Each structure stands twice: as C-alpha cells, then as structure tokens.
Amino acid sequence: MTGHYFENDLVNLHYYKFGNGPKNMLCFHGYGMHGKQFKILEGTLGSKYTFWGFDLFFHKETKLKDQSLPAVKKGIGKKELAGLFADFCKHEGIDRFSVIGYSMGTHYATIIIEELAHKIDEFIVAAPSCLNPGKLIPFFSKNQTGNKILEKLALHEKALTGMLKLFKRFRFINNEDYKILYSEIGTTELRFNFYACFTYLRFLETDEPCLLRALNEQNIKSIFIFGKRDKSFPPGIGDKFIAKLKQAEVIILNEGHEMIKRDFATTLTDLLL
C-alpha cells in the first residue's frame with residue numbers, strides 16, 4: 001500500500017493505492033474512517049483489482065483548499081464532485097472502473113454512478129444510507145432550522161455530546177451509533193468536521209430514477225450488502241428499488257453496522273471472482 005495526493009483548485013485529496021490487478025476500483029469509506037478501510041479486500045481481490053482508497057472530505061489527510069465555515073455552508077454539487085473524480089481518473093490513466101462505498105461513502109459512489117455511468121463496471125454499496133438516510137441526516141443537513149441547530153451544537157464545547165446523550169435516551173439513535181458518534185466529537189476539530197460532513201455534502205441526495213436508469217441502461221452489475229443486525233440501515237430499506245434493477249445481488253451478513261470484516265471480504269470475493 002502506498003499513499004499519494006491528487007491536488008486541484010478544490011482540494012488536496014489524499015488516497016491510498018493497493019492491489020495490482022488490471023481492473024480499477026474507487027473506494028469510499030464510512031464516517032470517521034479513512035482510505036484504508038477496504039484494504040481487507042487486497043488479500044483476495046488484489047490480483048484482479050487495483051484499489052484507490054480516498055480519505056473523504058473532512059477526514060484524515062484530505063483538506064479542502066478553503067475549509068472556512070462559509071465554504072462549508074456553500075456545499076458541493078453532484079457535477080463538481082463527479083468532475084473531481086473524473087479528473088483524478090484522467091490523472092491516473094484510468095478509463096473504466098468500479099466503485100465501492102460503505103455507509104456515508106455510498107453517497108459518493110451513487111453520485112459517480114449518476115454522473116459517470118458510462119465508465120462504470122460494478123456498483124457495490126454496503127450499509128447503503130444512499131437508499132434511505134433516515135430522518136436526522138436530511139433534517140440537520142438540508143433543513144435550514146435543523147442545520148442552524150447543528151451548527152450551534154457542533155461549535156459548542158459540550159452541547160453536541162449532550163445532544164447525543166439525549167438522542168440515545170429517547171432512542172433516536174441506538175447504542176452502537178451512539179458509541180461511534182461519541183468517539184468522533186471529542187475535539188474542536190472533530191466537532192467541526194462532524195458539522196461539515198452534514199452540511200457540505202447536503203446536495204448529494206440520491207436521485208432514484210436517475211440512478212435506476214443509469215444502472216440499467218449501462219448494464220452495471222450492482223451488489224447491495226446489509227448487516228442483519230444493522231439498525232441504522234437495515235435489510236429491506238432498498239427492496240423496492242433493488243427489485244427494479246436488471247443486475248443486482250443482495251448480501252445479508254450476520255453483522256451490525258460495523259461490517260467491513262473478514263466475512264465481508266470472503267462473501268464479496270465469491271461474487272467478484
């Protein structure tokens with residue numbers, strides 16, 4: 001595995017390259033993770049794919065050229081995001097590729113399908129929040145009042161942790177989500193990044209008719225992976241959408257939300273080799 005940077009006017013994008021196969025796969029991690037999240041696939045799929053694992057916006061080594069609050073509030077559109085990764089592929093000499101995303105990363109993967117479907121071989125999403133992000137994410141990202149509340153909470157030293165405890169008490173989030181989120185808001189920088197992830201990416205909302213058309217017209221193989229015990233994005237949230245696809249596989253692992261483990265790699269490898 002090697003680490004690299006791709007720089008343009010928007011961002012200094014940090015990424016990892018691993019595997020040495022002839023096919024390419026762009027990897028988009030979950031919230032609070034990093035570009036190494038899918039390295040577990042290298043052992044079984046590294047001879048078929050070269051993986052490109054990105055540190056996504058407001059994570060690890062990737063930095064926007066302008067990370068000010070006004071820039072975050074402006075957000076990023078679908079075409080701008082797709083253009084970034086199209087430029088990256090041109091820089092690396094990548095013509096066709098597959099995409100894989102987990103949780104938050106499924107929104108990145110989905111937008112690339114919507115905008116660049118003619119270049120895609122496979123679409124793989126695990127814990128696909130892109131199909132149904134729930135109520136809290138749209139409220140805090142797209143609703144003006146909700147986003148203002150989040151800003152006040154996130155930029156206050158103790159308010160956000162207090163909110164999480166309240167949400168847990170009233171069962172708006174489960175214990176697993178609480179532990180994950182609590183570990184990500186311990187410093188001023190982490191709280192800002194938490195707010196920024198909700199706000200900057202608010203325009204990356206899945207257009208289901210567009211996604212369906214792109215997947216079917218381009219005959220893109222699609223794999224949807226769920227955790228049997230995942231209460232955040234449980235099996236079933238995408239049933240109606242998946243039923244309309246020409247080429248779709250559904251995997252249900254005996255896992256909770258944290259599913260990128262050995263069984264994940266073994267099961268996915270069986271479908272891709």
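Lys65 and Glu7 form a salt bridge, with their closest N and O atoms 3.0 Å apart. The term salt bridge covers a side-chain nitrogen of Lys or Arg within 4 Å of a carboxyl oxygen of Asp or Glu. This pair links distant parts of the chain, 58 residues apart: Lys65 sits in the loop between strand 5 and helix 2 (69-74), and Glu7 in strand 1 (residues 2-7). Helices (H or I, at least four residues) and strands (E, at least two) are DSSP runs, numbered from the N terminus.

The model is predicted: local features need pLDDT of at least 70, side-chain atom pairs count only at pLDDT 80 or more, and totals for chains, interfaces and linings use all residues. Residues are numbered from 1 along each chain as its sequence is written, and side-chain values use heavy atoms, with hydrogens and water left out.

Lys65 is partly exposed, at 44% relative accessible area, whereas Glu7 is exposed, at 53%. Here buried means under 20% relative accessible area, exposed over 50%, and partly exposed in between (1.4 Å probe, protein chains only).

The whole structure holds twelve salt bridges. Among them are these:

| Salt bridge | N to O distance |
|---|---|
| Lys65 and Glu7 | 3.0 Å |
| Glu42 and Lys39 | 3.1 Å |
| Lys78 and Glu114 | 2.9 Å |

In the pair of Glu42 and Lys39, Glu42 is partly exposed, with a relative accessible area of 24%, and Lys39 is partly exposed, with 36%.

The next topic is the aromatic rings. A search of the whole structure finds 22 aromatic pairs. Rings of Phe, Tyr and Trp (its six-membered ring) pair if their centres lie within 6.5 Å; planes under 30 degrees apart count as stacked, over 60 as edge-to-face and the rest as tilted.

Phe57 and Tyr108 form a tilted pair, because their ring centres are 6.0 Å apart and their planes stand at 40°. Phe57 is buried at 2% relative accessibility, and Tyr108 is buried at 1%. One aromatic cluster includes Phe57, Tyr108, Trp52 and Phe88.

Phe57 also has a place in the largest nonpolar core, which has 68 residues; Phe28, Phe54, Phe57 and Val99 touch the most other members. A nonpolar core is a set of buried Ala, Val, Leu, Ile, Met, Phe, Trp, Tyr and Cys residues joined through side-chain atoms within 4.5 Å. Helix 9 (residues 188-200) gives the most to this core, with seven residues. Apart from this core lies another, of 25 residues, among them Tyr16, Cys27, Ala126 and Leu253.
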